[in-house]
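Biologist: I would like to learn how to read a model like this one, feature by feature. Shall we put it on the screen?

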Amino acid sequence: MTSGDKPTTTDQDTDTRAVTEAALFEAFGGVRGMVETVLPGLLFVTIFTINKDLRSSAIAAVAVSLVLLVVRLARKDTVKHAFSGIFGVAFGVVFAMITGNAKDFYLPGMLYTLGLAAAYIITALVGFPLIGVILGPVFKENLSWRDRNPGRKKAYTKASWAWGLILLAKCAVLFPLYWWADTAQFGWVLITLKIPPFLLAVYLTWVFLAKAPAPIDVFAEMEAEEQAEKAAKEARKAAEAQQSEA
């Protein structure tokens, strides 16, 4: 191979960034996942702003969540984002119906966000960053970054800090408004804050991982080990057959 055939550092960096971008897009659902996250809540607050009726707003939110799930099932797409969306909407609806306060539709999601922020920060502090657990299988590295790839562990730790602090800042805005604002005002603020913090966290994750060492493909390693073991067995059988003939 000539020097001209070897990929340049720039080419390798470009490939790493492209792979990282594709993996993050898959892990977090891309544009469609964001739509499925936002649409039920948007429909709820829109209808409630118009008619102030909790029941019709809740029915509309659940209905659109079910439609999104059915569409994914019909297309045989990954349904994890749709399922998580419908469970989130269902918890919100049940909670709001029990309390009779439409604003409580958003409370389970807020508590989940707060818990997730704490999980990101705590796991980063103890050296087992949550974002690495989430993205490890996507990059086919599983948990190999923990003891075999310190550069990626450092990047995952930074990303987990970013997710935790961004979500914590979001909670610092939403929880006071939950007590002070009326349902419609609070709903619109919450919808507004759905996507920008998420995009910021994803972008920072991409920046950290794009600069990190390449992931160790543990699936390829296991396949190579299986192939080597198979070849060794075949070689032993061939040697035994030659000895028998001799």
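Biologist: In which loop does Lys140 lie?

Modeller: Lys140 lies in the loop between helix 6 (130-135) and helix 7; helices (H or I, at least four residues) and strands (E, at least two) are DSSP runs, numbered from the N terminus. Before going on, note that this is a predicted model, where local features need pLDDT of at least 70 and side-chain atom pairs count only at pLDDT 80 or more, while totals for chains, interfaces and linings use all residues. Residues are numbered from 1 along each chain as its sequence is written, and side-chain values use heavy atoms, leaving out hydrogens and water.

Biologist: How many helices and how many strands does the chain have?

Modeller: The chain has ten helices and zero strands. Along the sequence the pattern reads α-α-α-α-α-α-α-α-α-α.

Biologist: What share of the residues is buried?

Modeller: Buried means under 20% relative accessible area, exposed over 50%, and partly exposed in between (1.4 Å probe, protein chains only). Of the 246 residues in the chain, 37% are buried.

Biologist: What share of the contacts joins residues at least 24 apart?

Modeller: A contact means heavy atoms within 4.5 Å. Among contacts between residues at least 6 apart in sequence, 71% join residues at least 24 apart.

Biologist: Where is Lys52 found?

Modeller: Lys52 sits in the loop between helix 2 (30-51) and helix 3 (54-75). With 52% relative accessibility, Lys52 counts as exposed. Beyond its neighbours within four places in sequence, Lys52 contacts Ile47 and Ala184. The C-alpha atoms of Lys52 and Thr183 are 9.1 Å apart, although 131 residues separate the two along the chain.

Biologist: How many salt bridges does the structure hold?

Modeller: Side chains of opposite charge can pair when their charged atoms come close. A salt bridge is a side-chain nitrogen of Lys or Arg within 4 Å of a carboxyl oxygen of Asp or Glu. The structure holds one, formed by the side chains of Arg152 and Glu141 at 3.0 Å, N to O. Arg152 is in helix 7 and Glu141 is in the loop between helix 6 and helix 7, so the pair ties together parts eleven residues apart in sequence.

Biologist: Is Arg152 buried or exposed?

Modeller: Arg152 is buried, with a relative accessible area of 1%, and Glu141 is buried as well. Leaving aside neighbours within four places in sequence, the contacts of Arg152 include Phe139, Trp145, Leu209 and Pro213.

Biologist: What about Asp104: which side chain of opposite charge is nearest?

Modeller: Asp104 is buried without a salt bridge, and the nearest side chain of opposite charge, Lys103, is 7.5 Å away. Asp104 is placed in the loop between helix 4 (80-99) and helix 5. Not counting residues up to four places away in sequence, Asp104 touches Gly92, Phe95, Ala96, Thr99 and Tyr178.

Biologist: Which residues form the nonpolar patch on the surface?

Modeller: Patches are made of residues with over 30% relative accessible area and no salt bridge; like charges are joined within 9 Å, nonpolar side chains (Val, Leu, Ile, Met, Phe, Trp, Tyr) within 5 Å. Leu114, Ile122, Leu125, Val126, Trp161, Leu165 and Leu168 form the nonpolar patch, with about 650 Å² of accessible area together. Helix 5 (107-125) and helix 7 are the elements that each give two or more residues to that patch. Trp161 is in helix 7 and is partly exposed, with a relative accessible area of 30%.

Technical notes: Areas by Shrake-Rupley, 256 points an atom, 1.4 Å probe, with all protein chains shown as cover. Lys, Arg positive; Asp, Glu negative; His and termini not counted.
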